[in-house]
Amino acid sequence: SMSSPFKDGLPLSELDDQGWNVGYSAAGEVVAIGEGVSNIKPGDLVACAGAGFANHADYVCVPWKLTCKIPKNCSVAAAATTTVGTIALQGVRRAETQLGETICVIGLGLIGQITVQLLKASGCIVLGTDLNSSRVERAIANGMDAGNTDAEQLKQLVRDATGGYGVD
């Protein structure tokens, strides 16, 4: 059955609930630590990650394994974006890409743009696609080998770039 279990037919939303959590990446000053935490102390500046933990709020409670001290030469504002980069890096790691492989990134928003740059730094040939042509242009300007916005053209691009073998 495709009918909704709710009277009004709408899916469950937490938007009206008090304490609704938004965000997954933050940075700030440690004000207190829990029992057994020894790698950080009150007063330290940390970047933190984790949906349900590193929310956009004045105060958050984050497990110490989801925190990292901010280096002295890094601003708190820049450190607050750390999680975005780690999402891209985790994707590259999980894909187990190798030097010289041809990789296609589908979606060239912020995380896709970082993914392209990580793959290029790893010695990969990188193709990409996004529905937004300016994102494709930006990725190419930042080192992506080729890309476009059309699915059929992407198929041809992959065939041409890989001699018909397909991306790795």
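In the predicted model, the buried residues of helix α3 are Gly112, Gln113, Thr115, Val116 and Leu119. These residues lie on the same side of α3, because they cover an arc of only 160° around the axis. The cover over the buried residues of α3 includes helix α2 (82-95), strand β4 (102-106), strand β5 (125-129) and helix α4 (133-141). On the other side of α3, Leu110 and Ala121 are exposed.

Helix α3 is made of 12 residues. From its first C-alpha to its last, α3 reaches 17 Å, which is close to the 16 Å expected at 1.5 Å a residue. Just after α3, glycine 123 adopts a positive phi of about 85°.

Isoleucine 111 is placed in helix α3, which covers residues 110-121. Isoleucine 111 counts as partly exposed because its relative accessibility is 30%, and the partly exposed class lies between the 20% limit for buried and the 50% limit for exposed residues. Together with Tyr24, Ile87 and Leu110, Ile111 makes a nonpolar surface patch of about 340 Å².

With a relative accessible area of 29%, lysine 120 is partly exposed. Leaving aside residues up to four places away in sequence, lysine 120 touches Val126, Gly143 and Asp145. With one of these, aspartate 145, the side chain of lysine 120 meets in a salt bridge, at 2.9 Å from N to O. The pair links distant parts of the chain, since lysine 120 is in helix α3 and aspartate 145 is in the loop between α4 and β6 (146-148). The two residues are 25 residues apart in sequence, and their C-alpha atoms are 8.8 Å apart in space. Aspartate 145 counts as partly exposed, at 39% relative accessibility.

Side chains of opposite charge can pair when their charged atoms come close. The structure holds 5 salt bridges. In one of them, the side chains of aspartate 44 and lysine 69 meet at 3.8 Å, N to O. Aspartate 44 is in the loop between β1 (25-29) and β2 (45-49), while lysine 69 is in strand β3 (residues 67-69), so the pair ties together parts that are 25 residues apart in sequence. Aspartate 44 counts as buried because its relative accessibility is 10%, below the 20% limit for that class. Lysine 69, in contrast, is partly exposed, with a relative accessible area of 44%. Aspartate 44 and lysine 69 also belong to a network of salt bridges that links Lys41, Asp44 and Lys69.

A salt bridge is also found between the side chains of arginine 135 and aspartate 130, at 3.5 Å from N to O. Arginine 135 is partly exposed, with a relative accessible area of 33%. Aspartate 130 is buried, with a relative accessible area of 10%.

Conventions
Residues are numbered from 1 along each chain as its sequence is written. This is a predicted model: local features need pLDDT of at least 70, side-chain atom pairs count only at pLDDT 80 or more; totals for chains, interfaces and linings use all residues. Side-chain values use heavy atoms; hydrogens and water are left out. Patches are made of residues with over 30% relative accessible area and no salt bridge: like charges are joined within 9 Å, nonpolar side chains (Val, Leu, Ile, Met, Phe, Trp, Tyr) within 5 Å. Accessible areas come from the Shrake-Rupley method with a 1.4 Å probe; for residues, only the protein chains shown count as cover. A salt bridge is a side-chain nitrogen of Lys or Arg within 4 Å of a carboxyl oxygen of Asp or Glu. Helices (H or I, at least four residues) and strands (E, at least two) are DSSP runs, numbered from the N terminus. Buried means under 20% relative accessible area, exposed over 50%, partly exposed in between (1.4 Å probe, protein chains only). The expected span of a helix is 1.5 Å times one less than its number of residues. The arc is that of the directions from the helix axis to the C-beta atoms. Contact means heavy atoms within 4.5 Å.
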